[in-house]
Amino acid sequence: MMSPSSDSVLAKSGTMKRTILAYAFLTALLIVAIKYFEVSLFTGQISMKLYITAIGILFLAIGALVGLKLRKRQVRIEKEVVVQYVEKPAEEQVEIGENDLLSARENEVLMHIAKGLTNREIAERLFVSENTIKTHVNNIYSKLGVSRRVQAIARAKEMKIIR
């Protein structure tokens, strides 16, 4: 006895065969039409302008039909995101102490700075742009009264913002 999934596979297979046969038939019909116009052109029954116009109309019609067919069959691809949480070694962990000086996001950025991450790496981890991280870093610098990352880390340790 066949399972429901095998039935759907067979149904899709049959649909695929019909689609292939339909396209093969249309292609053969197109070739016959082009050859008919070509013979008519060489025998002098039609002019070159009419030949080019007829071929253009044929391809325009085919393009419109294929476009409509594809538009009806829009396929939505959804990515499955798998998130894994990995425990970092103790030397890479940074704890944030209680403070009212920095915002929660600035504390988060400062924690990543203390881990030695670049602005780009921090942006990727926090799912924001690199420019947003630069703004947070500049805010941290101004609130801590420093101008470099190393100074910010040292000042935050002095103020017991990070441990």
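Q: What relative accessible area does Arg 155 have?

A: Arg 155 is partly exposed, with a relative accessible area of 33%. Buried stands for under 20% relative accessible area, exposed for over 50%, and partly exposed for what lies in between, using a 1.4 Å probe and protein chains only.

Q: What kind of model is this, and how are residues numbered?

A: This is a predicted model in which local features need pLDDT of at least 70 and side-chain atom pairs count only at pLDDT 80 or more, while totals for chains, interfaces and linings use all residues. Residues are numbered from 1 along each chain as its sequence is written, and side-chain values use heavy atoms, with hydrogens and water left out.

Q: Back to Arg 155, then: which side chain does it meet in a salt bridge?

A: The side chain of Arg 155 meets that of Glu 158, at 3.3 Å from N to O; a salt bridge here is a side-chain nitrogen of Lys or Arg within 4 Å of a carboxyl oxygen of Asp or Glu. Both residues belong to helix α6 (residues 149–158), where three residues, or about one helical turn, separate them. Helices (H or I, at least four residues) and strands (E, at least two) are DSSP runs, numbered from the N terminus. Glu 158 is exposed, at 56% relative accessible area.

Q: How many salt bridges are counted by that rule?

A: The count comes to five salt bridges. Among them is the pair Glu 108 and Arg 105, at 3.0 Å from N to O, with both residues in helix α3 (residues 104–114) and three residues apart, about one turn of the helix.

Q: And which parts does the Lys 143 and Glu 106 pair tie together?

A: The side chains of Lys 143 and Glu 106 meet in a salt bridge at 2.8 Å, N to O. Lys 143 lies in helix α5 (residues 130–144) and Glu 106 in helix α3, so this pair ties together parts that are 37 residues apart in sequence. Glu 106 is buried, at 4% relative accessible area, whereas Lys 143 is partly exposed at 36%.

Q: New topic: which residues form the nonpolar patch on the surface?

A: Tyr 23, Phe 25, Leu 26, Leu 29, Phe 59, Ile 62, Val 66 and Leu 70 form it, with about 760 Å² of accessible area together. The elements giving two or more residues to this nonpolar patch are α1 (4–42) and α2 (48–72). Patches take residues with over 30% relative accessible area and no salt bridge, joining like charges within 9 Å and nonpolar side chains (Val, Leu, Ile, Met, Phe, Trp, Tyr) within 5 Å. The areas come from the Shrake-Rupley method with a 1.4 Å probe, and for residues only the protein chains shown count as cover.

Q: What about Phe 127, where does it sit?

A: Phe 127 is in the loop between α4 (119–126) and α5, and is exposed with a relative accessible area of 75%. Phe 127 has a positive phi of about 60° although it is not a glycine. Most residues other than glycine have a negative phi.

Q: Where is Lys 160, and what is its phi?

A: Lys 160 is found in the segment after α6, and has a positive phi of about 60° although it is not a glycine. At 62% relative accessibility, Lys 160 counts as exposed.
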